[in-house]
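Here is my note on the model you sent.

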Amino acid sequence: MNSEKSTHLLSPADHFSVLLSPTPRGARLARLLATDWMRDRDLPHRVSEAAEQLVAEIAANAVTHGRLPGRDFRLVLLARDATLRIEVTDTRGDDLPHRRPPTPDAESGRGLLLVEALADRWGVQLGPVPRKTVWAELDLQPS
């Protein structure tokens, strides 16, 4: 019998998924977990910086506009085919995000403008009822 031990390290997964409470603390944790996951993958700085902002904004929208007591939201991160995809799913499929031009003195209302400016692509996917998923993608390679 061979007494030598070998260590086989698995490559990091290209997929991350977590359920979080629909609270400001849950939104903050989403950003922190996403930052940590991206750091482990050594993503380009411009991508991870934009992704942190996207996660923060989309998660904040989920806890502000998609919150139902007792129902968590899900954060999913996928790195594949030269794309980082961010998905936030909440249980308010009846309340779709829509851009509103903010007034100059408004304290909120600029979130989707930020998402649109930072993401290479973004959108909303409905279902299964009562859920909706707001997603954003970032190209890992500069175009």
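**Notes on the predicted model**

1. Leu96, Val124 and Leu126 make up a nonpolar surface patch, and their accessible area together is about 240 Å². Patch members have over 30% relative accessible area and no salt bridge; like charges are joined within 9 Å, nonpolar side chains (Val, Leu, Ile, Met, Phe, Trp, Tyr) within 5 Å. Areas come from the Shrake-Rupley method with a 1.4 Å probe, and for residues only the protein chains shown count as cover. Leucine 96 sits in the loop between β3 and α3. Its relative accessible area is 38%, so leucine 96 is partly exposed. The classes are: buried under 20% relative accessible area, exposed over 50%, partly exposed in between (1.4 Å probe, protein chains only).

2. Basis of the numbers. This is a predicted model, in which local features need pLDDT of at least 70 and side-chain atom pairs count only at pLDDT 80 or more, while totals for chains, interfaces and linings use all residues. Residues are numbered from 1 along each chain as its sequence is written, and side-chain values use heavy atoms, with hydrogens and water left out.

3. Fold. The protein chain has three helices and five strands. Their order from the N terminus is β-α-α-β-β-α-β-β. Helices (H or I, at least four residues) and strands (E, at least two) are DSSP runs, numbered from the N terminus. Along the principal axes, the C-alpha atoms fill a box of roughly 70 × 40 × 25 Å. Of the 143 residues in the protein chain, 37% are buried.

4. Helix α1. Arginine 25 belongs to this helix, which covers residues 24-41. Arginine 25 counts as exposed because its relative accessibility is 72%.

5. Largest pocket. It holds about 540 Å³ of space. Its lining has 27 residues, and Asn61, His65, His98, Arg100 and Leu112 are the closest to its centre. Which elements each supply at least two residues of the lining? They are α2 (45-65), β3 (83-90), α3 (111-118) and β5 (132-139). The largest share, seven residues, comes from α2. By class, the lining has eleven nonpolar, eight polar and eight charged residues. Here Ala, Val, Leu, Ile, Met, Phe, Trp, Tyr, Cys and Pro count as nonpolar, Asp, Glu, Lys and Arg as charged, and the others, Gly among them, as polar.

6. Pocket criteria. On a 1 Å grid over the protein atoms alone, a pocket is an open set of points where a 1.4 Å probe fits, with protein on both sides within 12 Å along at least five of seven lines; lining residues have an atom within 4 Å of a point. Grid points are joined across faces, edges and corners, and a volume is the space filled by probe spheres set on the points.

7. Second largest pocket. Its volume is about 170 Å³. The lining includes Leu19, Asp72, Phe73, Arg74 and Arg131. β2 (73-80) and β3 are the elements that give two or more residues to this lining. By class, the lining divides into three nonpolar, four polar and four charged residues.

8. Salt bridges. The structure holds seven. Each is a side-chain nitrogen of Lys or Arg within 4 Å of a carboxyl oxygen of Asp or Glu. One of them joins the side chains of aspartate 36 and arginine 39 at 3.2 Å, N to O. These two are three residues apart in helix α1, so about one helical turn separates them. Aspartate 36 is partly exposed at 38% relative accessibility, whereas arginine 39 is exposed at 55%.

9. Salt-bridge network. Arg85, Glu87, Arg121, Glu137 and Asp139 are linked in a network. Arginine 85 and glutamate 87 meet at 2.7 Å, N to O. Buried or exposed? Arginine 85 is buried, with a relative accessible area of 12%, and glutamate 87 is buried at 17%. Arginine 121 and glutamate 137 meet at 2.8 Å, N to O. That pair links distant parts of the chain, with arginine 121 in strand β4 (residues 121-126) and glutamate 137 in strand β5, 16 residues apart. Arginine 121 is partly exposed at 32% relative accessible area, whereas glutamate 137 is buried at 14%.
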